[in-house]
Amino acid sequence: MRIVDLRSDTVTLPSPAMREAMYRAELGDDVYGEDPTVNRLEELSAERLGMEAALFVVSGTMGNLVALLTHCGRGDEAIMGSESHTLYYEQGGVSALGGAIIRSVPNLPNGMLDPEDVQNAVRDPANVHYPRTALICMENTHNRCGGAVLSPAQMATIRAVALRNNVPVHLDGARIFNAAVALGIPASEIAAQVDTVQFCLSKGLAAPVGSMVCGSAAFIKAARRTRKVVGGGMRQAGVIAAAGIVALEQMVDRLADDHANARVLAEGLANMPWFDVDMASVQSNIVRFGVRAAKAPLPQIAQALAAQGVKINPTSAVHFRAVTHYGLDRADIDAALSTFSKVMTELA
Ligand SMILES: Cc1ncc(COP(=O)(O)O)c(C=O)c1O
């Protein structure tokens, strides 16, 4: 049975060109700065984001952690959205390991923060009672807001608050290239609104492992030290960096196919009587949709779908999230829609 895995774009497998590049990669000890393939990936990443320098890390979680630990000292505060991945799914790493505080402001349904909320959350540096506001974070595309895309103009409104208060901005850009492709602009135009970015090679771009932290040369120099203390100094990491280079060179433009497939999936689901889909929210490769008065709880529906070859995760008691990605084509989406219809007819 062919499996249509809609759980995440992290399930993507490396392309044949990636496997070939990994096999042929020139290697060295990257902790000594001597792995030419890692060095090339870091240069390419910085260039694509229009930033001075970049650092190869193991995962998106490590990328955000390294960036936040580098920005924030003990007792400092980082402002971020209430639905942000860093707040929800990264174990509060900057607090647990770095003694910094996370202060959340409500995420709007479109993935944005209200600039007024952010301004109100920034601490008065003259008041000795307060922690120091050391960072403001955004996320683009926004995972828990259904893959919402933030435009540079939207991001500029938060940037303005940050500049007014002399606070740097970090972007969790795990899917920044999805945002760039959806907007039809280079990723550097998005990155221009922030000081540092974390982006993932291992999601829609289909590399097997890795993320990049990008920023100024001075910031990346400091982040390199932080990476070492969290155990992220890798040795012959060019083996995996080689796939990351292919990801950036060959896998960005095709994200448009994933976005088109997500739309087809969303339209198909919206036409079925059991689901609520807000089509305006389908902006990239994520489809978050509600289930109306199902007779079965969502985990049971997910189990029935999996038994018929469609894998999907609930994100709440009444919502599913489906993610399109490399390895799924239009025929897979059509097959998944038929399976949804069949399973829901039986269950709902
Ligand atoms: C927005 C966002 N940030 C960070 C991460 C963490 O990435 P990783 O799973 O590589 O740690 C994810 C993973 O899904 C994500 O969606």
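1. In strand β10, Gly290 is the bridge partner of Asp276. Strand β9 and strand β10 (residues 286-291) run antiparallel and are joined by two bridges. Two strands are said to pair if DSSP finds at least two bridges between them. Strands (E, at least two residues) and helices (H or I, at least four) are DSSP runs, numbered from the N terminus.

2. The model discussed here is predicted: local features need pLDDT of at least 70, side-chain atom pairs count only at pLDDT 80 or more, and totals for chains, interfaces and linings use all residues. Residues are numbered from 1 along each chain as its sequence is written.

3. β9 and β10 belong to an open sheet of four strands with the order β9-β10-β13-β12 and antiparallel pairing. At its edges stand β9 (275-276) and β12 (313-314), each of which pairs on one side only. Helix α12 (residues 255-270) packs on this sheet and touches β9, β10 and β13 (319-323), with a direction that makes about 10° with that of β10. Contact between two residues requires that their C-beta atoms, placed from the backbone, lie within 7 Å. Axes are lines fitted to C-alpha atoms, for helices over the stretch in contact, and angles run from 0 to 180 degrees between N-to-C directions.

4. A second sheet deserves attention. This open sheet has seven strands in the order β2-β8-β7-β6-β5-β3-β4, and its pairing is mixed. Because β2 (53-57) and β4 (101-105) stand at the edges with a single partner strand each, one side of each is left without a neighbour in the sheet. On average, neighbouring strands of this sheet are turned by 20° against each other, direction ignored.

5. Val197 in β7 is the bridge partner of Leu171. Helix α2 (residues 36-49) lies across β2, β7 and β8 (211-215) and runs at about 125° to β2.

6. The peptide bond from Asn140 to Thr141 is cis, with omega near -5°; Thr141 lies in the loop between β5 (133-139) and α7 (152-165). Asn166, which is not a glycine, has a positive phi of about 60°, and its place is in the loop between α7 and β6. For comparison, most residues other than glycine have a negative phi, and most peptide bonds are trans.

7. The residues around the ligand include Ser59, Gly60, Thr61, His85, Glu139, Asp172, Cys200 and Ser211. A residue counts as near a molecule if its C-beta atom, placed from the backbone, lies within 6 Å of it. The shell divides into two nonpolar, eight polar and two charged residues. In this division Ala, Val, Leu, Ile, Met, Phe, Trp, Tyr, Cys and Pro count as nonpolar, Asp, Glu, Lys and Arg as charged, and the others, Gly among them, as polar.

8. The protein chain is assigned domain 1 (14-250) and domain 2 (254-347), with bounds from an automatic or database domain assignment. Their centres, taken over C-alpha atoms, are separated by 29 Å. The contact takes 13 residues from domain 1 and 12 residues from domain 2. On the side of domain 1 that touches domain 2, seven residues are nonpolar, five polar and one charged.

9. Overall, the secondary structure of the protein chain comes to 14 helices and 13 strands. Along its principal axes the C-alpha trace spans about 60 × 55 × 35 Å.
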